[in-house]
Amino acid sequence: MTRAPISAEGGAVEVRDELRAHGAPLLPSGHDVEGLALSFDDEPQLAAWSRYAEEAGRNGAFSALALVFPQLRYPIRAGISSGDGYQAATRRGVWPEDDEDATGLRLARPDLVTLTIEPTLAGRIPIVVAGERRDFEDLVRAFSARNEPVAIPASMGACLVRGLNNWDRVRAYRAEWEAAH
């Protein structure tokens with residue numbers, strides 16, 4: 001049996017070289033990411049998210065998002081997602097004005113929540129950042145766990161949310177369609 005040569009760092013040379021390759025940047029140093037992102041058209045949701053970001057600049061990101069996403073009108077509580085009001089709000093877009101369960105998502109530092117539209121290699125995307133760890137966890141629960149008190153691993157530092165119903169956009173599309181027809 002032949003063994004791979006051992007490097008001065010103590011690991012097999014082949015493994016060391018492979019690990020170093022994984023750490024190589026995808027783009028050369030100093031590459032203009034913003035210039036690349038401009039070559040992609042914005043996804044359709046970016047018009048709405050740009051409006052939300054403008055509102056966030058005036059009144060804070062959490063307040064701006066709470067005007068659009070009913071999940072932010074509900075607390076984190078076991079069983080909340082099975083309530084009729086919560087389901088009507090999140091599944092059918094019925095705004096929870098008279099729902100007694102809609103007492104609001106209470107964040108420790110809503111003032112530290114930000115919403116920006118950032119360029120990436122794949123185009124611009126909205127990014128919501130919570131400056132307080134507990135708030136990050138509650139936002140993850142609200143947007144990806146139906147406001148249920150699920151465990152959020154301490155190792156989680158980001159969350160990509162897909163499949164979120166945006167009833168504000170649905171209403172806008174409906175109004176546009178009704179005006180045209």
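Mentor: A pocket here is found on a 1 Å grid over the protein atoms alone, as an open set of points where a 1.4 Å probe fits, with protein on both sides within 12 Å along at least five of seven lines; lining residues have an atom within 4 Å of a point. Grid points are joined across faces, edges and corners, and a volume is the space filled by probe spheres set on the points. This is a predicted model, in which local features need pLDDT of at least 70 and side-chain atom pairs count only at pLDDT 80 or more, while totals for chains, interfaces and linings use all residues. Residues are numbered from 1 along each chain as its sequence is written, and side-chain values use heavy atoms, with hydrogens and water left out.

Trainee: How much space lies in the second largest pocket?
Mentor: Its lining has 16 residues, with Q71, F143, R146, G163 and L164 closest to the centre. The space in this second largest pocket is about 270 Å³.

Trainee: Which element gives the most to the lining of that second largest pocket?
Mentor: Helices (H or I, at least four residues) and strands (E, at least two) are DSSP runs, numbered from the N terminus. α5 (84–92) and α6 each supply at least two lining residues. With four residues, the top contributor to the second largest pocket is α5.

Trainee: And which element gives the most to the lining of the largest pocket?
Mentor: The largest pocket holds about 880 Å³ of space. Of its 23 lining residues, P126, V128, C159, L160 and V161 are the closest to its centre. Two or more lining residues come from each of β2 (123–130) and α6 (133–144). The most, six residues, come from β2.

Trainee: Which residues is L139 in contact with, leaving aside its neighbours within four places in sequence?
Mentor: Contact means heavy atoms within 4.5 Å. On that basis, the partners of L139 beyond those neighbours are F62, L72, L105, V113 and A130.
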